[in-house]
Amino acid sequence: MKKLGLNKIREEYLRFFEEKEHLRLPSFSLIPESDKTLLLIVAGMAPMKPYFTGQATPPAVRVATSQKCIRTPDIESVGKTDRHATFFEMLGNFSFGDYFKEETIAWAWEFLTQRLEIPAEKLSVTIYLDDDEAHKIWSESVGVPTERIYRMGKDTNFWELASGPCGPCSEIFYDRGPAFGQDDFLASEAAGEDRYIEIWNLVFIQFNKAEDGTYNPLAKPSIDTGMGLERMAMVMQGEQSIFDVDVMKAIRDEICGIGGMKYGADGKKDVSIRLITDHIRSAVFMASDGIMPEGEGRGYILRRLIRRAARHGRLLGMSERFLARLSSVVVTNFGAAYPELIEKRDYIAKLIDREEQRFYENLDSGLNLLLKLKESAKSQGRNLIAGADTFKLHDTFGFPLELTREILEEEGFAVDEDGFREEMEKQRSRARAAREESTYDIGGASVFDDVSAPATLFVGHQPTAVEDAAILHIAAGEQLVETAAKGADVAVIVDTTPVYAESGGQMADFATIITPSGEISIIDCIKTRSGHFVHVGKVVSGEVRAGQAAEIRIDTERRAGITRHHTATHLLHMALRDVLGAHITQAGAAKFPDRLRFDFAHFAPVSPEELAKIEDIVNGAILRDLPVKIEEMPIGDAKAKGAVALFGEKYGDVVRVVDIGGISTELCGGTHLDATAQIGPFKIVSESGIAAGVRRIEAIVGHAALEYFRGACDKLAEISAFLKTRPENLIDRIGQLISTAKDAEKQLAKLRQADARSNVDDILAAKEDIGGIAVVSATLRDIDMEGLRGLSDALMDKLGSGIVLLAGDMDGKGNILARASKDLLSRGIHCGNIVKAAATAAGGGGGGRPDMAQAGIKDAAKVKVAMEAAKQALR
């Protein structure tokens with residue numbers, strides 16, 4: 001039997017099925033494209049479901065893949081067993097109505113026994129109870145002894161959903177030898193032993209299950225197979241655990257190197273090492289597919305994995321962040337098969353490091369709170385932590401519920417999960433109530449779902465008008481109508497249009513539809529899944545009728561503004577990658593007539609120096625008047641050319657490539673200029689953070705930029721005139737004024753202090769005796785904290801032994817100060833406690849040393865309240 005590395009097994013498998021005339025497809029993203037029932041891809045066949053159900057046409061009738069998968073239901077077992085993992089690769093070969101059982105079984109046996117050279121006597125198979133056809137192929141065509149073919153029930157050997165395509169399956173098992181369990185296959189399986197390990201599942205999709213539960217044979221049966229790559233590597237390398245496989249061992253060894261430990265020396269530490277090994281691999285692949293750590297959905301899974309790994313790093317004694325370093329090991333070991341990992345290496349490391357940092361910032365505080373909660377529960381004889389408390393750990397300190405539960409269970413405590421979910425729902429309800437939800441009516445686009453009309457032909461990348469269009473359907477409100485009169489809000493489908501429908505962040509065109517009897521003003525356009533362009537607007541004159549010929553003219557000035565901003569967006573994307581790094585990926589964009597908005601993944605604010613450099617790069621490209629070349633080509637050719645594909649966008653086999661002077665190449669269906677000089681000046685007007693790890697730049701070009709510069713110059717001239725100077729001298733003039741103002745403030749402060757000191761004798765004359773201690777107090781107007789401190793110095797000099805309490809206000813805010821002579825400290829006098837009581841009474845906070853303390857009071861009206869509270873605290 002060959003001893004092959006994991007990457008070699010993957011390549012051998014895919015190459016084998018290419019030889020069997022299969023189309024090798026790259027792994028689909030971990031984010032399901034069209035399956036809303038899944039957060040993440042959990043099996044090799046998951047992305048293939050549309051092909052099996054007939055919702056989409058497969059690219060070939062024979063396909064082979066190695067699919068990235070994430071499963072978390074058994075996450076609590078990861079690290080504790082030899083085989084549980086959250087991330088795995090599923091090798092699969094698929095037939096969509098082409099070959100069936102005979103070829104599938106024969107090829108599986110050929111691959112295992114000839115290509116991988118696994119001894120035939122090491123293999124056993126299971127089949128569905130009454131699948132005599134599979135039994136015959138295994139026993140007669142392949143030659144597996146009947147005593148190693150086991151008939152199993154529906155629970156293990158029949159694949160089906162509630163309804164739809166389904167069928168029996170046949171599983172292939174590898175015998176690891178007597179060291180792992182008893183000889184009898186069925187007895188060993190029943191006992192839960194690891195001697196016979198399933199390595200391949202062959203699913204024969206030959207029925208369609210109706211909603212009433214009946215099974216009807218399919219006219220064209222199909223094949224879906226799945227082989228766990230990590231498990232196969234464990235078998236081929238003769239290892240006991242998937243964590244001993246070559247690529248996993250590389251990650252595992254790096255963890256041990258960072259932590260200065262030896263794997264296998266401590267069972268408890270080994271659990272943490274295995275867990276981190278698995279979780280970092282999952283995190284790297286999720287990050288590479290554009291998933292961001294968030295509080296919900298798949299982002300929550302990523303956050304949970306990173307924070308769980310970080311916490312186990314702490315359990316291993318790692319005090320510094322380490323996960324970004326581990327991510328590089330994952331990229332090194334998997335980059336050849338997944339080149340996007342290499343391309344996004346820096347981005348992945350920064351994303352993981354930022355999330356680890358954010359968790360550590362709150363980890364100690366959260367653990368301290370958890371300790372207090374456990375101590376409180378223990379003192380009350382409880383082992384259940386309230387849902388509200390665990391929600392606070394989640395909401396304030398970023399502890400996923402599962403992490404809190406895991407920590408508590410280690411010490412015999414439990415979580416009130418129903419109470420937690422109740423608190424979570426309360427928060428969501430508050431968020432829903434606070435959010436202004438927009439349900440923009442697209443003019444009854446859903447009304448057109450069932451109309452029989454060909455897809456709209458869009459011809460508007462260059463022409464701005466169509467003279468011979470035809471109105472196919474009109475909707476008013478929720479109904480299709482034949483006629484619509486002046487004043488009616490309508491949605492219209494035409495056969496041909498120059499109107500760009502909103503997509504890819506580019507706003508829709510405004511337009512006018514003119515018929516022999518009426519006119520419609522169009523203010524929006526939406527493209528439906530069926531390919532119809534729904535033109536939304538109002539009949540502004542006469543009436544329009546379905547079936548009429550129409551002339552359609554777009555608002556060319558609006559289109560020109562949008563187009564300038566769209567081409568500029570491509571240059572901005574390029575400049576961001578040049579200045580900030582190749583990890584920059586678009587997270588959203590919008591192109592308006594008067595501005596553009598570009599969201600991108602980055603983990604720190606863009607500095608003014610970086611923004612200036614980005615502006616210079618974009619304006620430099622504009623001044624060079626670079627040609628904008630647009631062509632259509634197969635998506636494979638576009639990727640080979642280096643075209644940037646935007647995450648989340650769906651592309652067909654043939655794509656539109658926009659190349660700007662060889663410095664920017666992107667897949668894009670939007671409208672663009674002929675050359676960059678047509679953009680005009682480019683100016684960034686804002687940069688901000690809109691979410692964790694996501695930044696936003698807003699910019700303007702062309703006429704909008706000229707208006708911005710003109711407005712700025714006008715304001716500069718107006719300010720200069722007001723300050724009686726020239727614009728070029730404005731900064732010096734402002735500096736002079738600030739300096740003069742500061743000097744005046746200092747003089748004023750001195751006058752106030754002198755005025756306050758003139759009251760020293762009057763304040764001393766009103767001193768009180770509280771508990772045998774001399775106390776002088778005063779509440780003053782128009783005095784700041786510096787003035788109070790100066791006055792307290794003068795009072796203490798004359799008082800000798802005693803306490804000074806002073807309060808004052810200025811500009812609507814108050815201050816309070818307490819001082820005590822050194823001889824009183826031994827009697828328990830503590831000015832910090834006195835001031836704290838005073839500030840608390842006034843709705844604030846503060847404190848200080850035993851001999852001197854001070855606090856600010858937000859509301860000056862509460863100064864007297866604070867003074868009375870201070871005296872009461874002293875008493």
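This is a predicted model: local features need pLDDT of at least 70, side-chain atom pairs count only at pLDDT 80 or more; totals for chains, interfaces and linings use all residues.
Biologist: What percentage of the residues of the protein count as buried?
Modeller: Burial requires a relative accessible area under 20%. Among the 875 residues of the protein, the share that counts as buried is 49%.

Biologist: How many helices and strands are there in the protein, and is the protein compact or spread out by the globule rule?
Modeller: The protein has 25 helices and 34 strands. For 875 residues the globule rule gives 29 Å, and the radius of gyration is well over that value, so the protein is more spread out than a compact globule. Along the principal axes, the C-alpha atoms fill a box of roughly 115 × 85 × 50 Å. The radius of gyration itself is 36 Å.

Biologist: Of the contacts between residues at least 6 apart in sequence, what percentage join residues at least 24 apart?
Modeller: A contact here requires heavy atoms within 4.5 Å. Among contacts in the protein between residues at least 6 apart, the share joining residues at least 24 apart is 68%.

Biologist: Is Leu 229 buried or exposed, and what is its relative accessibility?
Modeller: Leu 229 belongs to helix α7, residues 229–236. Beyond its neighbours within four places in sequence, Leu 229 is in contact with Leu 6, Ile 9, Arg 10, Ser 66, Glu 89 and Leu 91. Leu 229 counts as buried because its relative accessibility is 0%.

Biologist: What distance separates the C-alpha atoms of Leu 229 and Ile 734?
Modeller: Along the chain, Leu 229 and Ile 734 are 505 residues apart.

Biologist: Which residue has its backbone oxygen 3.5 Å from a polar atom of the side chain of Arg 303?
Modeller: Arg 303 lies in helix α10, residues 297–315, and counts as buried at 14% relative accessibility. Leaving aside neighbours within four places in sequence, its contacts include Glu 294, Gly 295, Glu 355 and Arg 358. The backbone oxygen in question is that of Pro 293.

Biologist: Over how many bridges do strands β19 and β20 pair?
Modeller: Strand β20 covers residues 533–545 and is joined to β15, residues 483–485, by three antiparallel bridges. Strand β16, residues 489–494, also pairs with β20 in the antiparallel sense, over five bridges. For β19, residues 518–527, the pairing with β20 is antiparallel as well, and the number of bridges is nine.

Biologist: Which residue takes a positive phi in the hairpin of β19 and β20?
Modeller: Within the pairing of these strands, the bridge partner of Gly 518 in β20 is Gly 542. The hairpin has five residues between the strands. With phi near 90°, the residue is Gly 531.

Biologist: Which residue of β26 is the bridge partner of Asp 659?
Modeller: Strand β25, residues 654–660, pairs with β26 in the antiparallel sense over four bridges. In β26, the partner of Asp 659 is Thr 665.

How values were computed:
Residues are numbered from 1 along each chain as its sequence is written. Side-chain values use heavy atoms; hydrogens and water are left out. Two strands pair if DSSP finds at least two bridges between them. Helices (H or I, at least four residues) and strands (E, at least two) are DSSP runs, numbered from the N terminus. The radius of gyration is taken over C-alpha atoms; the globule rule is 2.2 Å times the number of residues to the power 0.38. Buried means under 20% relative accessible area, exposed over 50%, partly exposed in between (1.4 Å probe, protein chains only). A polar contact is a pair of N or O atoms within 3.5 Å; within protein, one must be able to donate a hydrogen and the other to accept it, and residues adjacent in sequence count only if both atoms are side-chain atoms.
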